[in-house]
Amino acid sequence: METFVQTHEAAIRLTAFFGIFAAMALWEWRAPRRALTVSKTLRWASNLGLVVLNTVLLRLLFPVAAVGLAATAATQGWGLLNQYPLSPWLAIPLAVMALDLAIWAQHVFFHAVPALWRLHRVHHADLDYDLTTGARFHPIEILLSMLIKFAVILALGPPVVAVILFEVILNGMAMFNHGNVGLPSWLDRRLRWVFVTPDMHRVHHSIAEDETNSNFGFNLSWWDRLFGTYRDQPRAGHLGMTIGIDDHRDPREVAALPGMLALPFRGAITGYAINRRRWEPPGQGEPGGQGGSGGLGQSAGSVGQNAPAGRRP
Ligand SMILES: [Zn+2]
């Protein structure tokens with residue numbers, strides 16, 4: 001399998017990308033979960049414009065890419081799995097899971113550090129939620145993500161094939177779980193024991209801060225459950241919830257490419273990051289908020305309706 005994946009790398013990447021893109025676009029068109037609020041043409045042009053820009057930038061700045069670095073690490077013996085080799089059947093899934101944990105941790109980090117949240121909010125400022133949201137990242141966030149991935153590869157020494165598989169899976173899963181689609185609730189519940197589903201990740205794109213700061217996973221749902229950031233459903237339900245960021249609702253700023261590129265450099269540096277939650281004197285906050293939410297939802301005034309925990313209708 002390893003040789004097959006390595007020799008057909010480009011074909012596998014392209015087939016997976018275009019195949020999953022087409023399948024999700026068809027699914028969204030036939031059975032959309034929510035009505036879109038902004039022109040789909042504008043959003044798709046901007047979101048996919050970012051994908052093209054990011055792809056070109058990565059090629060120019062990092063011609064070696066993660067796979068090339070993993071190959072160098074293997075020949076040089078760098079990293080844990082190159083120092084202590086395991087059978088490929090163990091090393092490949094272990095490395096894919098470790099890379100998934102690393103990207104989960106990176107995602108939490110981008111929410112927690114105010115300057116990084118500025119970059120990551122380009123992803124969150126999308127006013128609608130569909131498969132193109134999954135590919136919408138500011139170029140600086142993409143470059144930083146690549147450097148972090150390089151560091152993880154140097155430390156872990158994953159098999160080359162694991163890096164290819166991880167990138168293909170992450171790409172496909174990002175389109176799937178950002179999909180404007182819904183699974184039957186019984187299937188969603190069962191899938192969620194292992195994987196991130198569209199309904200699970202949509203909670204993360206809520207305008208309510210306590211909901212945004214949950215469900216950071218992209219592939220495996222375990223990390224959020226294990227580290228206490230899991231949230232079952234949005235308070236207002238999937239049809240009632242608002243997508244995006246409270247302070248940035250102007251389509252010219254968040255749905256058109258120039259505004260999206262400038263977004264990290266606008267507004268105050270503080271606010272709306274995990275470590276800048278609104279402080280409340282002891283005894284005044286609502287005790288026992290779900291998923292460690294505390295009282296931070298209050299600053300998103302338009303959302304604090306305190307509806308009962310939203311279950312799917
Ligand atoms: Zn996020």
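User: At what angle do helix H6 (residues 88-112) and helix H8 (residues 139-156) pack?
Analyst: This is a predicted model; local features need pLDDT of at least 70, side-chain atom pairs count only at pLDDT 80 or more, and totals for chains, interfaces and linings use all residues. Residues are numbered from 1 along each chain as its sequence is written. Axes are lines fitted to C-alpha atoms, for helices over the stretch in contact, with angles from 0 to 180 degrees between N-to-C directions. The axes of H6 and H8 are 11 Å apart, and their angle is about 140°.

User: Which word describes how H6 and H8 lie to each other?
Analyst: Under 35 degrees counts as roughly parallel, over 145 as roughly antiparallel, 65 to 115 as roughly perpendicular and the rest as oblique. The angle here is about 140°. H6 and H8 are therefore oblique.

User: Which residues of H6 and H8 make the contact?
Analyst: Contact requires C-beta atoms, placed from the backbone, within 7 Å. H6 supplies Ala95, Ala98, Leu99, Ala102 and Gln106. H8 supplies Ser145, Ile148, Val152 and Leu156.

User: Which residues does Leu143 contact, leaving aside neighbours within four places in sequence?
Analyst: Phe62 is 81 residues away along the chain, with its C-alpha atom 9.0 Å from that of Leu143. The contacts of Leu143 are with Leu57 and Leu61.

User: Is Ser46 buried or exposed?
Analyst: Ser46 is found in helix H3 (residues 40-61). Within 10 Å there are 22 other C-beta atoms, so Ser46 is buried.

User: How far apart are the C-alpha atoms of Ser46 and Leu257?
Analyst: Leaving aside neighbours within four places in sequence, Ser46 is in contact with Ala255, Ala256, Leu257 and Met260. Ser46 and Leu257 are 211 residues apart in sequence. In space, their C-alpha atoms are separated by 4.9 Å.

User: What percentage of contacts between residues at least 6 apart join residues at least 24 apart?
Analyst: The protein has 16 helices and 0 strands. Of its 313 residues, 37% count as buried. Among contacts between residues at least 6 apart in sequence, the share joining residues at least 24 apart is 74%.

Notes: Helices (H or I, at least four residues) and strands (E, at least two) are DSSP runs, numbered from the N terminus. Two residues are in contact if their C-beta atoms, placed from the backbone, lie within 7 Å. A residue is buried if 20 or more other C-beta atoms lie within 10 Å of its own, exposed if 12 or fewer, and partly exposed in between; C-beta atoms are placed from the backbone.
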